[in-house]
Amino acid sequence: EKADPQKTALLLRKAWTLYSVTPLYGFRRARLRDYARLLGAFIAAEKQKGLAVEVGVELDIKVALSSLADIRGSELDQAALLVQLSSRSRGSSRNSEDKPLWWGWFCSVFGEELSENVPEPFTCLPLFLSHGAESYTALVGSWFQKTFDCCFRRLAISPLNLSWMVAMWAGCKLDRAASAVELVFSVPRLAQPLEISYAIHPEDAKALWDTVQKTPGEITQEEVDVFMDCLYAHFHRHFKIHLSAAKLVKISTAIASAHCDGIVKILHSQYLPGVLMLLTELAISQIQ
Amino acid sequence: HLATSLPLPSERDHLRPRIDLVVFMIDIKSKYSLKNVETSLAYVDASFFLGKVCFLVTGVGRVNACSIETNAVCKLGETYCSPVLFCELELEGVRTATAQRLVQILRICAGHIPGVSALSFVSLMRKSDDD
């Protein structure tokens with residue numbers, strides 16, 4: 001499971017906005033250069049039409065498509081596909097250093113549930129992650145939708161799924177000092193929106209999870225419930241507030257952080273496949 | 001009559017009319033509401049569970065705001081032999097339809113529908129769930 005460290009470094013420590021994508025029709029891995037050219041032409045044409053993405057600065061948008069061969073769960077998964085948009089300022093006469101503008105990548109980690117039921121000409125890469133201006137995401141998204149007849153949908157994360165993530169990730173073993181486990185709640189039905197942030201020492205959180213989890217490597221809904229109930233009870237004891245009545249909107253651990261609007265940041269390369277596997281599962285349930 | 005939890009305050013016992021139906025409301029966005037219902041169930045006399053109790057799960061329209069697993073609620077319904085209704089109060093049509101269903105169940109529980117008792121009605125609902 002060794003990944004190319006340079007490419008993987010690109011994926012870490014960035015806030016990615018999540019989407020689910022239906023299978024791509026007629027996608028050919030060998031034609032990546034052609035696709036990059038076509039996408040570049042599409043973006044240039046849209047800018048000509050006046051749907052400018054950046055006002056004022058004259059930018060040439062360069063498109064690069066590449067495969068991330070190591071980002072997959074098993075041989076049954078398609079390798080991940082990375083799309084990079086960079087700008088080259090037309091005016092500069094000096095060395096043309098491309099400035100990265102936007103990244104987007106498609107992936108599937110243990111997504112057999114979707115791909116095994118899908119016929120030949122379709123390619124399954126159900127999870128899409130983007131970082132950069134929303135306008136570029138819209139441009140790239142609409143080109144892919146037109147070219148491969150697929151559909152992108154924002155992937156939101158429910159409080160139920162967020163609690164799975166925090167339980168799983170707080171329980172992970174880390175060699176160096178880890179950052180705090182943080183849960184952010186939003187309190188409903190108030191005149192002024194109120195957010196409650198609950199930070200837990202990572203060792204305490206891991207110790208709690210270790211007493212709850214019965215079989216290493218397996219997690220059940222009951223175990224996640226017990227873990228969360230302990231956290232809620234502890235908070236109630238001190239502050240007399242029932243966090244279980246509030247909405248869990250964001251969780252943060254040393255491994256990764258996730259927001260209910262479908263925004264994720266992965267911090268640790270060792271756990272990248274695990275996080276992607278969970279997100280792939282969420283994307284597939286949204287598609288089906 | 002609305003209450004945020006059970007048991008009901010005993011001071012008003014002598015003024016209270018006969019209770020024909022207890023509807024436990026669970027908000028799918030609030031884990032706390034499920035816990036509250038689970039605690040309150042302990043204060044309900046066993047005879048009510050012969051068709052005079054039902055669970056109403058609200059907020060089901062918002063899939064992305066789920067804090068409770070649907071299975072957990074269905075299991076609750078099975079454990080207490082009572083039907084579970086799902087609805088979305090924010091949609092007027094569903095709100096009205098749900099209210100009508102509850103009123104109909106209440107009529108049966110109060111004995112206003114000749115030939116149908118609360119117990120027979122609940123066994124009918126259970127049979128159709130199993131199918």
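This is a predicted model: local features need pLDDT of at least 70, side-chain atom pairs count only at pLDDT 80 or more; totals for chains, interfaces and linings use all residues.

Reader: OK, and how many salt bridges turn up across the interface of chain A and chain B?

Author: Three, going by the rule, which wants the side-chain nitrogen within 4 Å of the carboxyl oxygen.

Reader: And polar contacts between chain A and chain B, how many residue pairs there?

Author: Five residue pairs, with both residues at pLDDT 80 or more.

Reader: Which elements of chain A give two or more residues to the side that touches chain B?

Author: Helix H5 (159-170) and helix H7 (221-239) of chain A. H7(A) has the largest share, with four residues.

Reader: How much area do chain A and chain B bury between them?

Author: About 1,100 Å², and 52% of that is on carbon and sulfur atoms. In residue terms, 15 from chain A are in contact with 14 from chain B.

Reader: Switching topic: what does the domain assignment give for chain A?

Author: Domain 1 covers 5-154 and domain 2 covers 159-260.

Reader: And what separates the centres of domain 1 and domain 2 of chain A?

Author: 33 Å, with the centres taken over C-alpha atoms.

Note on methods. Residues are numbered from 1 along each chain as its sequence is written. Chains are lettered from A and ligands numbered from 1 in the order in which they are written. Side-chain values use heavy atoms; hydrogens and water are left out. Domain bounds come from an automatic or database domain assignment. Contact means heavy atoms within 4.5 Å. Buried area is the accessible area (1.4 Å probe) that two parts lose on being put together, summed over both. A polar contact is a pair of N or O atoms within 3.5 Å; within protein, one must be able to donate a hydrogen and the other to accept it, and residues adjacent in sequence count only if both atoms are side-chain atoms.
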